[in-house]
Every structure is written in C-alpha cells, then in structure tokens.
Amino acid sequence: MSVFTADGKNDGESYVFGSVGMYSVVYTVTDEVGNASVIEYVILIMPKEYAPSVTIRDWTYGGNPSAPGVTGAPSGSTLTYEYKAADADDTAYSEKVPTAAGDYVLRVKLEYTSGGETMTVYTSCAFSIAKAKVEKPSLLSYVVKEGAYMSVVEGFDSDTMDIAEFRERMDETDGTDFMDAVVRLKDPANYEWADGSSGDVTLTLNVITGEVPGEEGGCNGSLAGGIALAAVSAAILLGGLIIAAVKKLRRGR
C-alpha cells in the first residue's frame with residue numbers, strides 16, 4: 001500500500017482495512033525535482049473484542065506510586081510497563097517508575113500469540129506526579145525579659161526548607177529597624193507551599209517593639225514605652241538556630 005502526495009497534499013485516495021492482521025503503510029513525499037522521502041508505518045488490526053487500554057492514577061511526590069490497570073488485553077498477554085516524561089522523545093521510555101514531580105506517559109507493551117504468529121501492540125496514557133504541599137512558616141514574637149525579646153518561627157521544617165538569608169535593615173523613612181529571615185524551599189521542583197506558590201517567604205520583625213509587621217494580637221510582645229535602655233537585643237529562633245542582633249536606641253525614640 002502506498003500513498004503519494006502532490007503539492008504537499010494527499011491525493012485523496014483512502015484505504016479500508018478489511019480484516020484482522022498486520023499491515024504496512026508506506027507514505028512517500030516527493031518534491032518537484034523528484035527527491036523522495038519514504039516513511040513506513042506498521043499497523044496492527046486486532047479482533048474487535050480486543051481493545052486494550054491502560055490507566056493509572058496520579059499521585060503526590062513522596063507517596064506510593066499508583067499501580068497501572070490494563071483492560072481488553074488478549075488472554076495470555078505478556079505486559080511490559082514503560083515510562084517517560086511527557087515532553088521526552090519515545091526513545092526515552094524506561095521500565096523505571098518515575099519519582100520526581102511532573103507530567104509523564106505510561107506505555108504498555110502487549111505481546112501475545114494469535115494464529116501461531118506473535119503480535120505486539122502498544123497502548124498508553126498520561127499521568128502526573130504532583131508536588132508535595134508544605135505549610136508556610138510564620139513568625140511569632142514575645143518578650144523574654146525587660147528590654148529583650150525572642151521571636152520563634154512556627155512551622156519551620158529543616159527537611160523541606162532553608163534559611164536563605166538573614167538581614168538587618170532600616171526603613172529610611174522613619175528610621176525603624178527590622179530583622180528579616182528569608183525562608184526558601186529546599187527542593188522547589190518537588191515541593192510547593194500550600195497556596196501553590198514556590199517563592200521565598202520573608203519573615204519580618206520590628207527590632208524595637210518586637211512586633212510582627214502586619215499582624216495584630218496573638219502572642220506578639222512589645223517593649224513598654226519610655227524605655228531608657230542603651231540597647232535593645234533581638235533574636236530569631238529558626239529550627240533550633242538562634243540568630244541575634246543588637247540595636248542601639250536612636251535619640252528621640
């Protein structure tokens with residue numbers, strides 16, 4: 001069977017496969033000077049009762065892989081499961097089950113015997129491994145003693161997040177001193193914050209008052225007015241690591 005093209009269009013001739021069996025279709029592309037490119041496809045027409053399909057449920061990174069399910073396979077079939085990334089070439093198929101978050105394709109190779117002849121057919125489906133969700137850490141502060149306080153990070157998990165940066169800064173507008181702790185996911189390819197984002201989380205504390213900007217009430221502590229101390233000390237406790245800073249009171253405060 002051959003299909004020839006002219007001017008880049010099919011010649012309109014079509015074929016109907018009238019019986020079960022293995023067919024070879026040759027597709028030839030010929031340019032205006034006679035150069036030809038030939039592509040051959042092998043097509044297997046299976047009995048009507050054989051309509052194999054494969055399914056697999058998505059799962060989440062770190063969880064147990066889902067088991068594939070095959071229906072419509074001929075009796076006595078040998079099944080081989082192969083996986084590849086969704087955007088990878090077909091040469092990338094492997095029997096190794098993927099573990100990283102991403103989009104994938106599962107292909108099943110079915111081999112069976114019919115009429116003394118060994119038949120091979122493939123069927124596939126798409127699935128995904130979702131990123132694992134991680135709750136964002138939050139900053140809680142409280143006064144430890146007069147003139148000093150400690151701030152504790154709630155929900156800091158050293159297995160999934162890192163302290164990317166710690167900085168002391170001053171708001172040039174009003175001269176307010178702040179401490180920032182920047183928390184970053186260790187593996188953003190496989191983890192994301194519970195809200196679906198994956199960017200850094202900045203935890204900010206006012207060094208003088210001990211308050212968490214933007215938060216009210218809770219266990220945020222503040223220093224009493226009219227403090228006559230030469231310095232105010234601050235510390236942030238992140239996953240057992242204490243980061244401390246000392247800020248001198250400016251005149252007028």
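This is a predicted model: local features need pLDDT of at least 70, side-chain atom pairs count only at pLDDT 80 or more; totals for chains, interfaces and linings use all residues.
## Basis

Local features need pLDDT of at least 70, side-chain atom pairs count only at pLDDT 80 or more, and totals for chains, interfaces and linings use all residues. Residues are numbered from 1 along each chain as its sequence is written, and side-chain values use heavy atoms, with hydrogens and water left out.

## Overall make-up

The protein has 19 strands and zero helices; these are DSSP runs numbered from the N terminus, with at least two residues (E) for a strand and at least four (H or I) for a helix. Of the 253 residues, 32% are buried (under 20% relative accessible area; exposed is over 50%, partly exposed in between; 1.4 Å probe, protein chains only).

## A four-stranded sheet

Four strands form an open sheet in the order β6-β10-β9-β8, with mixed pairing (two strands pair if DSSP finds at least two bridges between them). Its edge strands, β6 (59–60) and β8 (78–85), each pair on one side only. Strands β9 (residues 102–114) and β10 (residues 117–130) are antiparallel and share 13 bridges. Glu-111 has Thr-120 in β10 as its bridge partner.

## Salt bridges

There are nine salt bridges (a side-chain nitrogen of Lys or Arg within 4 Å of a carboxyl oxygen of Asp or Glu). One joins Glu-192 and Lys-133 at 2.6 Å, N to O. Glu-192 lies in β16 and Lys-133 in β11, so this pair ties together parts 59 residues apart in sequence. Glu-192 is buried, at 14% relative accessibility.

Asp-180 forms salt bridges with Arg-167 (3.0 Å, N to O) and with Arg-169 (2.3 Å, N to O). Asp-180 is buried at 1% relative accessible area, whereas Arg-167 is partly exposed at 27% and Arg-169 is partly exposed at 34%.
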